[in-house]
Amino acid sequence: SRSPRRRRAVFEKARKFTKTFSRSFTLNCQSQQATWDSQGDNQMRFFGKKKDDDGTRESDPPSHPADDESARLKREPEVNRAAVLPDEGHIVCTNAAKFLSTIAGTTRGLFEQVCSIDESLRLWNIFREEVPPRSAAFTGAINVHAAASLLVYHLRDIGEPLCTTALRPHIIDATLLAEPRRSRTLHTLLSRLPALNKRLLQAICCGIEGMPDGGLLIVVAHEHARFYGDGLPARKVALAQLFGPLVVRPLPSEGEPG
């Protein structure tokens with residue numbers, strides 16, 4: 001178990017990250033509308049590089065001989081995307097977020113490479129059953145960029161947005177408030193999310209049990225900041241620009257005639 005000093009340090013890091021991320025996140029939600037249905041899957045670009053000139057991905061995990069764990073994970077059957085239920089998707093992606101948080105600090109560029117839907121869905125049944133061990137990333141059993149893409153695809157394509165259609169207008173209104181009222185109002189609104197929605201959002205942003213370094217985006221932001229050298233606030237803004245429209249997004253039908 002962690003010492004009280006370690007727990008306080010992690011809590012303080014999560015608190016500072018959440019405050020800055022929330023500010024960037026809510027400002028971005030005011031100004032952006034998702035247009036996913038007008039873009040093909042292969043047109044998705046997050047905010048990083050696609051491939052090096054030689055066609056290889058710059059941060060693919062190192063290749064190792066497949067051990068028993070690798071062989072088992074790679075044998076997982078493909079998922080029928082049409083039969084996926086939202087609650088199951090939330091469980092799968094919560095497990096994916098927990099797994100990714102264990103390797104994000106030492107993996108170059110999570111969310112900077114886009115894998116296809118088919119490649120990402122091959123991991124669905126793995127994350128439905130468990131949070132794989134960290135070693136799965138290093139043996140090649142799991143493509144971590146496919147796991148990160150799976151999370152983004154789920155938030156993008158799920159029928160009901162993670163922050164729900166009912167709460168979305170209230171969340172947008174809350175972003176117009178001044179602090180500290182804005183933070184208090186958002187906290188109250190988000191506490192009304194369904195349990196699985198709230199758990200996934202916490203795993204992404206601030207962490208749940210089994211995530212000793214805080215939420216996935218906290219770990220990713222620190223790795224990005226070390227690599228780019230442009231400061232943690234800039235990396236938080238970049239992540240907010242990706243995830244803001246994903247979790248507080250309109251339905252595909254909104255804005256369409258009739």
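Proline 212 lies in the loop between α10 and α11 (216-228), where helices (H or I, at least four residues) and strands (E, at least two) are DSSP runs numbered from the N terminus. This is a predicted model, in which local features need pLDDT of at least 70 and side-chain atom pairs count only at pLDDT 80 or more, while totals for chains, interfaces and linings use all residues. Residues are numbered from 1 along each chain as its sequence is written, and side-chain values use heavy atoms, with hydrogens and water left out.

**The chain as a whole**

- The protein chain has 12 helices and zero strands, so that its elements, read from the N terminus, run α-α-α-α-α-α-α-α-α-α-α-α.
- Of the 258 residues in the protein chain, 45% are buried, a term that means under 20% relative accessible area, with exposed meaning over 50% and partly exposed in between (1.4 Å probe, protein chains only).
- Among contacts (heavy atoms within 4.5 Å) between residues at least 6 apart in sequence, 81% join residues at least 24 apart.

**Two loop residues**

- Serine 116 is placed in the loop between α3 and α4 (117-121), and it counts as partly exposed because its relative accessibility is 31%.

**Helix α9 and its two sides**

- In helix α9 (residues 181-190), the buried residues are Arg182, Leu186 and Leu189.
- These residues lie on the same side of α9 because they cover an arc of only 65 degrees around the axis, the arc being that of the directions from the helix axis to the C-beta atoms.
- Exposed residues Arg181, Arg184 and His187 are carried on the face of α9 that is turned away from its buried side.

**Helices α3 and α10**

- The axes of helix α3 (residues 86-103) and helix α10 (residues 195-205) come within 9 Å and cross at roughly 20 degrees, where axes are lines fitted to C-alpha atoms, for helices over the stretch in contact, and angles run from 0 to 180 degrees between N-to-C directions.
- That crossing makes α3 roughly parallel to α10, since angles under 35 degrees count as roughly parallel, over 145 as roughly antiparallel, 65 to 115 as roughly perpendicular and the rest as oblique.
- The contact involves Asp87, His90, Ile91, Cys93, Thr94, Ala97 and Lys98 of α3, together with Leu196, Asn197, Arg199, Leu200 and Ala203 of α10.
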